[in-house]
Amino acid sequence: MIDIKSMTIPELEELLTGMGEKKFRAAQLFQWLHQKQVTTFDEMKNLPGSLREKLSQEAVITRLETERKLTSQLDGTIKYLYRLADGNHLESVLMRYKHGNSLCISSQVGCRMGCSFCASTKAGFVRHLTASEILEQVYAAGRDTGERISGIVLMGIGEPLDNFDNVMQFLRLVSTPEGLNLSHRHISLSTCGLVDRIYQLAELDLQITLSISLHATDDETRDAIMPVNHRWKIGELMKACEAYTQRTHRRISYEYALISGVNDSVEEAARLAALLKGSLCHVNLIPVNYVAEAGYHQSSRQRIYAFQKALTDRGINATIRRTLGADINAACGQLRREAMKQE
Ligand code: SAH
């Protein structure tokens with residue numbers, strides 16, 4: 001079956017002309033799928049009956065079914081657990097800020113990167129999400145809240161650059177004027193640092209924000225918590241980041257999860273500042289979320305502030321990420337794991 005919601009307008013044009021239809025039908029079809037978000041071809045009233053009939057036989061319209069929804073009483077954060085057509089689960093989180101709604105979406109079912117502090121990777125990797133499954137997370141949250149999603153972060157379950165083609169297709173679809181028409185400037189993509197893919201991404205020269213999950217400043221520490229570092233050392237990663245900013249002129253955001261006694265000393269902060277000196281960057285400090293298997297604990301507030309100060313004193317812009325949805329305590333990967341346990 002054709003996954004029609006994963007197709008761009010030029011691809012639909014090719015499909016439809018191959019079926020003997022006029023080119024302009026592609027934009028109409030795209031609008032039904034991506035703006036009106038209908039669930040059947042029958043509803044596409046301005047398309048010829050014969051075409052609707054043919055499409056119903058040959059194509060499917062991806063739609064996410066909400067299995068669970070948790071709303072924070074503290075800050076309105078919403079966590080969604082969806083069931084996919086093949087029974088797999090995926091999660092998204094809607095965060096409400098003064099400047100608008102930001103949605104954190106998943107790119108894979110599970111993850112194969114194996115970071116020691118991350119819940120998403122513990123149950124292993126199942127499969128890549130299709131472009132339409134990535135996109136439907138955005139549409140489903142919009143349908144549920146009736147509000148516009150003004151920003152997207154690819155920071156949920158999965159490694160987006162490990163699912164490169166589908167994620168790039170998603171970026172094309174979400175910014176299409178006949179669809180959601182969301183500017184790439186409002187999208188962040190977070191990676192644990194697949195260096196070959198960072199170069200590939202740089203070539204595309206997109207306006208998205210690249211976030212690098214760094215979490216350590218020396219190879220020994222990073223090797224111990226992030227297996228990807230065995231493949232590409234910090235030096236190689238930083239070189240790729242430099243090439244990325246040179247090509248795109250976009251500021252890179254570095255994620256740094258502070259783990260008590262592992263990577264949170266002021267010496268570490270000074271090393272981080274030295275590593276980033278002179279580059280167009282921003283550091284996002286994240287108090288690590290507790291994950292039972294890893295046994296890591298959050299650094300004390302005092303240590304977090306000291307780390308931040310050590311950075312800003314050296315001219316590196318650093319903010320501490322606010323914890324949202326603490327009462328629905330379901331940091332990424334956790335709802336899916338609960339659902340798997342129940343099955
Ligand atoms: N695979 C991508 C995106 C998903 S993870 C990546 O690695 O960037 C999104 C962010 O959450 C990453 O910065 C990741 O390192 C971080 N993260 C994962 N587990 C965490 C935890 N227990 N506490 C704090 N941050 C965590």
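Reader: How far is an oxygen atom of the ligand from a polar backbone atom of T191?

Author: This is a predicted model, in which local features need pLDDT of at least 70, side-chain atom pairs count only at pLDDT 80 or more, and totals for chains, interfaces and linings use all residues. Residues are numbered from 1 along each chain as its sequence is written, and side-chain values use heavy atoms, with hydrogens and water left out. A polar contact is a pair of N or O atoms within 3.5 Å. For the ligand oxygen and T191, the distance is 3.3 Å.

Reader: Which residue has a backbone N or O atom 2.8 Å from a nitrogen atom of the ligand?

Author: A side-chain N or O atom of E159 lies 3.0 Å from a ligand nitrogen. The backbone atom at 2.8 Å from a ligand nitrogen belongs to N289.

Reader: What percentage of the ligand's exposed area does the protein bury?

Author: Accessible areas come from the Shrake-Rupley method with a 1.4 Å probe. Taken alone, the ligand exposes 530 Å², and the share buried by the protein is 93%.

Reader: Are helices α6 and α9 roughly parallel or roughly antiparallel?

Author: The axes, lines fitted to C-alpha atoms over the stretch in contact, have angles from 0 to 180 degrees between N-to-C directions. Those of α6 (residues 195-204) and α9 (residues 234-248) come within 9 Å and cross at roughly 5 degrees. Angles under 35 degrees count as roughly parallel and over 145 as roughly antiparallel. The crossing angle therefore makes α6 and α9 roughly parallel.

Key:
Helix = DSSP H or I, 4+ residues; strand = E, 2+ residues; numbered from the N terminus. Parallel < 35°, antiparallel > 145°, perpendicular 65-115°, else oblique. Polar contact = N/O pair within 3.5 Å; in protein donor to acceptor, adjacent residues only side chain to side chain.
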